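Please read it alongside the model.

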Amino acid sequence: MKLFYKIEFNSTNLYYKHILENLVVENGINATVKQYLGFILITCDDSEEKIEEFFSFLGENLPLSIFLAKSYTIDFFDETTEELEDKNIVQNVSMFTNKDIANIIKENENIDFSNDINRIKEGRVSKIETHNGFKDLFLPSKTLREEFESKGYEVKLFVCNLNKLSQIVSLNQKDLQLLCSIERPLVKLKFDILKNKDKEYSRTNFINVKLPDDKETILFANALQKEGIDYLLYVKEESLQDGLKVTYFNDEVLVINGEKSLFPKYDYNLDKKYNSSKEFFDDNSGVIKATLASRNKRIKPSIAIYFSYASTNSTISVNVPGKGLKDIITIPNIICDVSNALDEISVIDENTQRLVTNYKNKFSQYFIKELKNKDANGFEAILNLCAYMLGMEDYIEFEDAAFAYNSKSGIQIDMKLAKIDGVNYLDYRRVVQSIMSYKMADVDTRMLAYSFYESLSDLITDNVTKINSELNTKDVILCGDMFANNILLNKVNDGLNKTFDIILPRDTALDY
C-alpha cells in the first residue's frame, strides 16, 4: 500500500525533516521523507497495518513546531517536483522531544544545584551558564526587576513547572502549543487579574514567557520544581541568543524577531546562505526588500508597509518592477524632547497654544518626570511622547493600555500628512495634539491608546486604496514589529482583505 502524507511546513530549514527521518527509522516502516518549498512529504510504502501503526506512533512522538500548519493524506503527488537540496547547514536549535528531556533528567540526576537554589530562595540572583551564555534568575521581585530594567534588560518569565503556569497568566491552546514547540520561542502572555498587582513580575499586564530550551535549563528547572519553585524571572544580555519572539494571526505564526531555528539558513529563492537576520536584511537592502525577495514578489507590483517601533525607516511604499521601491508616506524621526514637541504643537493654529497652556496646568503632575529614551526614533519616539502626555512611562505602557481597552472601536486620532521638501510625512504634532485634546475632555486613557492603533490602521487602509487606484495590484506586504500588535494587524486586515492579498513574512522575522 502506497500513501502520501503532506505536512505543511513554513521553513526551508531541514531540522524537522531529520526528526521525521529518525522517527521512520525508529518505527521500522518502509517510508521516505522529503522536504519541498512549503511542505514535507512522507511517502509510505508498506502494509495497511504497518502504516496505521506508524501514524499512531507519530501522534505519540512527533513534537510540535512553530512552522507546522495542516497535515493530511493526498491521493497523488507529482514526483517531478523539485526537492529542497540539503545544503548541510548546521541548525541553531536544540531538538529535545519529550523522550529526550526524560533521558536528560534521568542521566544527570546527581547534578547538585543546591547552592544556586539557596541563593534564589534567599531572594538573591543566581547566574546559570547555559548553552548560549549566562542567565540571571531570581524570584519575582519588584526591586530586582526594576534594577535590571534600569540597566536596559528585558525581564522575562522562566517556567519550571508548566502545569502551574495557568495560575498566573491567561493562555489558550495556541499559546500552549507555541510555548511547547521544539523551537521553544518566547510568547507574550497576559497576567490573570490581581496576579501582578504589586508589579513583582512586570510593570505592564504582559510578560514574555519561555520554557527550558537547552540541557542546562532543563536540568535546573527540574531541580527547582522539586523545591517547589514553579517559575522565576530572568534576564539575558541582548547580544546573546534567547530564542524567537513569536505571536500568531489567524492560522499563521509570526516571528517578531530573533534567530534561533531561523538562521543560519539557505534561501533557495536567492540561492544564498545567510548566517543571521541582520545579514539577510542588510544584503537585501532592508526588511521590505528582503520580504519581497523571500516571497518571490520582487518582479510584481505591490504595496509594502514597514512600520517598526525603533527603525528610522518606517514607510508606506510601492514596489514597481524595474523601478524598485518608492516611499509614499514616511514616518518622521523627530527631536525626542517634550518642550520642543509642545513648542511645535503651539504653532499649529490659534487654538493649539491655548491647548498647550491649559494642558500643562491641568496635568502638571505629568511634567515632573523626564521623558524616557530621548534617543528614540520613528514610532517609538512619537509614542513615547504620547505616553508622556498621558502620564505613562513609554510606548510599552501605551500599548499595554490599548490592549486593556474593552471595546472594538474607539475615536478618531488625527493622522494627517505634512508635505516637506516633496516628502509626505505623518504629522506627529497632529497625533499628539489630538490625544491631548481628547484627554482635556477626560476621555479614558485606554480608549485613546486603542484609538491610536485603530486610526493608524485607517491611515494604512485609506492610503493603500488611494495608491492602488494607479498601481492596480492585489498584493500588500506587511512587515515591521508594529504588526505584532494584534489591534493594528486585525484592523488593517479587516480593512483590506476583501480587496487585497495580505502577505506577511513567513520563514523570516517581521523585523531586525
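1. Which residues lie nearest the centre of the second largest pocket? They are F96, T97, N98, I101 and R184, out of a lining of 34 residues. A pocket here is an open set of points on a 1 Å grid over the protein atoms alone, where a 1.4 Å probe fits, with protein on both sides within 12 Å along at least five of seven lines; lining residues have an atom within 4 Å of a point.

2. This is a predicted model, in which local features need pLDDT of at least 70 and side-chain atom pairs count only at pLDDT 80 or more, while totals for chains, interfaces and linings use all residues. Residues are numbered from 1 along each chain as its sequence is written, and side-chain values use heavy atoms, with hydrogens and water left out.

3. The second largest pocket holds about 800 Å³ of space, the volume being that filled by probe spheres set on the points, which are joined across faces, edges and corners. Helices α1 (15-27), α2 (48-61), α3 (98-107) and α7 (215-226) each contribute at least two lining residues; helices are DSSP runs (H or I, at least four residues) numbered from the N terminus. By class, the lining comprises 18 nonpolar, eleven polar and five charged residues. Ala, Val, Leu, Ile, Met, Phe, Trp, Tyr, Cys and Pro count as nonpolar, Asp, Glu, Lys and Arg as charged, and the others, Gly among them, as polar.

4. The whole structure contains 34 salt bridges (a side-chain nitrogen of Lys or Arg within 4 Å of a carboxyl oxygen of Asp or Glu). One of them joins E149 to R145, with the closest N and O atoms 2.6 Å apart. Both residues belong to helix α5 (residues 142-150) and are four residues apart, about one turn of the helix. R145 is buried at 2% relative accessible area, whereas E149 is partly exposed at 25% (buried is under 20%, exposed over 50%, partly exposed in between; 1.4 Å probe, protein chains only).

5. E393 and K372 form a salt bridge at 2.9 Å, N to O. E393 lies in the loop between α12 (378-389) and α13 (395-404) and K372 in the loop between α11 (352-362) and α12, so the pair ties together parts 21 residues apart in sequence. Both residues also take part in a salt-bridge network with R203, D394 and E397.

6. K491 and E454 form a further salt bridge, their closest N and O atoms lying 3.1 Å apart. K491 is in helix α16 (residues 486-496) and E454 in helix α15 (residues 445-471), so this pair ties together parts 37 residues apart in sequence. E454 is buried at 11%, while K491 is partly exposed at 21%.
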